[in-house]
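Please read it alongside the sequence and coordinates displayed below.

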Amino acid sequence: MRILYLLLSVLFVVLQGVAGQPYFSSPIHACRYQRGVCIPGPCRWPYYRVGSCGSGLKSCCVRNRWA
């Protein structure tokens, strides 16, 4: 019976820690969360690179605020 209480407490701690973490199912969703778009190759003006999408062949580009 003691093991049941131990397992429940560990499960509670794990679930409480996971609750605050953002979840992205793919790099494309992570890019869209930053208000970016995935473009093959380098970013062109008025966009600038903030990351990559997937395997690195696509760039996550965000529109320049000053253009």
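What is the handedness of the link of Cys-43 and Cys-61 about the S-S bond? With -85° about that bond, the link is left-handed. The pair ties together parts that are 18 residues apart in sequence, because Cys-43 lies in the loop between strand 1 and strand 2 and Cys-61 in strand 3. The model is a predicted one, in which local features need pLDDT of at least 70 and side-chain atom pairs count only at pLDDT 80 or more, whereas totals for chains, interfaces and linings use all residues. Residues are numbered from 1 along each chain as its sequence is written, and side-chain values use heavy atoms, with hydrogens and water left out.

**Confidence**

- The mean pLDDT of the chain is 78, and 73% of the residues score at least 70; pLDDT is the predictor's confidence in each residue, from 0 to 100.
- Among the elements of the chain, strand 3 has the highest mean pLDDT (89) and helix 1 the lowest (75).
- Where pLDDT is low, the predicted coordinates should not be read in detail.

**Fold**

- Two helices and three strands make up the elements of the chain; helices (H or I, at least four residues) and strands (E, at least two) are DSSP runs, numbered from the N terminus.
- Along the sequence, these elements follow the pattern α-α-β-β-β.
- Of the 67 residues of the chain, 13% count as buried, where buried means under 20% relative accessible area, exposed over 50%, and partly exposed in between (1.4 Å probe, protein chains only).

**Disulfide bonds**

- The structure contains three disulfides, a disulfide being a pair of cysteine sulfur atoms within 2.5 Å.
- When the bonded cysteines of the chain are numbered in sequence order, the pairing reads 1-5, 2-4, 3-6.

*Cys-31 and Cys-60*

- The sulfur atoms of Cys-31 and Cys-60 are 2.0 Å apart and form a disulfide.
- This pair links distant parts of the chain, with Cys-31 in helix 2 (residues 27-33) and Cys-60 in strand 3 (residues 58-63), 29 residues apart.
- The link of Cys-31 and Cys-60 is right-handed, with 95° about the S-S bond.
- Cys-31 is buried because its relative accessible area is 2%, and Cys-60 is buried at 3%.

*Cys-38 and Cys-53*

- Cys-38 is joined to Cys-53 by a disulfide with an S to S distance of 2.1 Å.
- Cys-38 lies in strand 1 (residues 37-40) and Cys-53 in strand 2 (residues 47-53), so this bond ties together parts that are 15 residues apart in sequence.
- The link of Cys-38 and Cys-53 is left-handed, with -80° about the S-S bond.
- Cys-38 is partly exposed, with a relative accessible area of 28%, whereas Cys-53 counts as buried at 5% relative accessibility.

*Cys-43 and Cys-61*

- Cys-43 and Cys-61 are joined by a disulfide with an S to S distance of 1.8 Å.
- Cys-61 counts as buried because its relative accessibility is 1%.

- Ile-39 is found in strand 1 and counts as buried because its relative accessibility is 18%.
- Ile-39 and Cys-61 are 22 residues apart in sequence and 6.9 Å apart in space, C-alpha to C-alpha.

**Nonpolar surface**

- Ile-3, Leu-4, Leu-6, Leu-7, Leu-8, Val-10 and Leu-11 form a nonpolar surface patch, with about 670 Å² of accessible area together.
- Leu-11, a member of this patch, lies in helix 1 (residues 2-19) and counts as partly exposed because its relative accessibility is 47%.
- Patches are made of residues with over 30% relative accessible area and no salt bridge, with like charges joined within 9 Å and nonpolar side chains (Val, Leu, Ile, Met, Phe, Trp, Tyr) within 5 Å.
- A salt bridge is a side-chain nitrogen of Lys or Arg within 4 Å of a carboxyl oxygen of Asp or Glu.
- Accessible areas come from the Shrake-Rupley method with a 1.4 Å probe, and for residues only the protein chains shown count as cover.
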